[in-house]
Amino acid sequence: MALARDPGVGTEQRDAADQNFDYMFKLLIIGNSSVGKTSFLFRYADDSFTSAFVSTVGIDFKVKTIYRNDKRVKLQIWDTAGQERYRTITTAYYRGAMGFLLMYDITSQETFYAVQDWATQIKTYSWDNAQVVLVGNKLDLEEDRQVPKEEAQRLATELGFQFFEASAKENINVKQVFDKLVDVICEKMNESVNGDASPLAGHKGDGLKDTPQGSQGGCAC
């Protein structure tokens, strides 16, 4: 089942339609099935959590507007299905994404071993300069941990990714993960020289198009 939206809640709809922002960043949450991608997104966007597991079908998204250093940044956050049968659909959305949350479950070695394959997909299908945060989810299940934090940190360093352990259930490091990803994207944008068109340029007024059109220079956010 895809992400469920409550039609009675108009905040998300207003956010999606609102064109009053300085920058729009397209972000993707990827990783194996059942690592908690949808729960992580719901915790961040709606500050809600449910323990019921509902597999995402294909891809869906939420919109959240935040403020970073006096800049209004609209985040278009795509929640992707982890199952192999949806891979062709989900990888089509990699293009134009400025950032990725690559998630694994700290209680599942299998999901951690898959990180390298997901990283290869990012490299294959996304912009060369897309920024990535590796997230070890389900920190609330420390007693069931299978993936040592040091091992995950080492892999993140090797891949050039930022790294966090987090818990959607307990709301640990959820906001921090997104804030860090946005900040790193902004830093890379500010490194662009003379406002050259860049995959990491901010996009204003583009609505919710899958592939951003046009660009701006440094983010200053």
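**Figure 1. Asn 69 lies in the loop between strand S2 (59-68) and strand S3 (71-80).** Strands (E, at least two residues) and helices (H or I, at least four) are DSSP runs, numbered from the N terminus. The structure is a predicted model, in which local features need pLDDT of at least 70 and side-chain atom pairs count only at pLDDT 80 or more, while totals for chains, interfaces and linings use all residues. Residues are numbered from 1 along each chain as its sequence is written, and side-chain values use heavy atoms, with hydrogens and water left out. Asn 69 has a phi near 50°, a positive value in a residue other than glycine. With a relative accessible area of 57%, Asn 69 is exposed; buried means under 20%, exposed over 50% and partly exposed in between (1.4 Å probe, protein chains only). Asp 70 also has its place in the loop between S2 and S3. Its phi is near 70°, again a positive value in a residue other than glycine, and Asp 70 is exposed, with a relative accessible area of 78%.

**Figure 2. The protein chain consists of 221 residues, of which 51% count as buried.** Its secondary structure comes to seven helices and six strands. Read from the N terminus, the elements follow the order α-β-α-β-β-α-β-α-α-β-α-β-α. Among contacts with a separation of 6 or more, 76% join residues 24 or more positions apart; contact means heavy atoms within 4.5 Å.

**Figure 3. Helix H2 (residues 37-46) packs against helix H7 (residues 174-190) at an angle of about 85°.** The axes of H2 and H7 are 9 Å apart; axes are lines fitted to C-alpha atoms, for helices over the stretch in contact, and angles run from 0 to 180 degrees between N-to-C directions. H2 and H7 are therefore roughly perpendicular to each other, a term for angles of 65 to 115 degrees, whereas those under 35 count as roughly parallel, those over 145 as roughly antiparallel and the rest as oblique. On the H2 side, Phe 40, Arg 43 and Tyr 44 make the contact, and on the H7 side Val 174, Lys 175, Val 177, Phe 178 and Asp 179. By class, this contact of H2 with H7 has five nonpolar, no polar and three charged residues. Here Ala, Val, Leu, Ile, Met, Phe, Trp, Tyr, Cys and Pro count as nonpolar, Asp, Glu, Lys and Arg as charged, and the others, Gly among them, as polar.

**Figure 4. Phe 40, Tyr 44 and Phe 178 are linked into a cluster by ring pairs.** Rings of Phe, Tyr and Trp (its six-membered ring) pair if their centres lie within 6.5 Å. By this rule the count comes to seven aromatic pairs. The charged end of Lys 64 sits over the ring of Tyr 44, 5.2 Å from the ring centre; this description requires NZ of Lys or CZ of Arg within 6 Å of the ring centre and within 35 degrees of the ring normal.

**Figure 5. Ala 156 is a buried residue, with a relative accessible area of 0%.** Ala 156 is found in helix H6. Leaving aside residues up to four places away in sequence, Ala 156 touches Leu 134, Phe 161, Gln 162 and Phe 163. The C-alpha atoms of Ala 156 and Val 135 are separated by 9.4 Å, and these residues are 21 apart along the chain.

**Figure 6. Leu 141 is found in the loop between strand S5 (131-137) and helix H6 (149-159).** Leu 141 is partly exposed, with a relative accessible area of 28%. Leu 141 and Thr 107 are 34 residues apart in sequence, with a C-alpha to C-alpha distance of 7.2 Å.

Note on methods:
Rings of Phe, Tyr and Trp (its six-membered ring) pair if their centres lie within 6.5 Å; planes under 30 degrees apart count as stacked, over 60 as edge-to-face and the rest as tilted.
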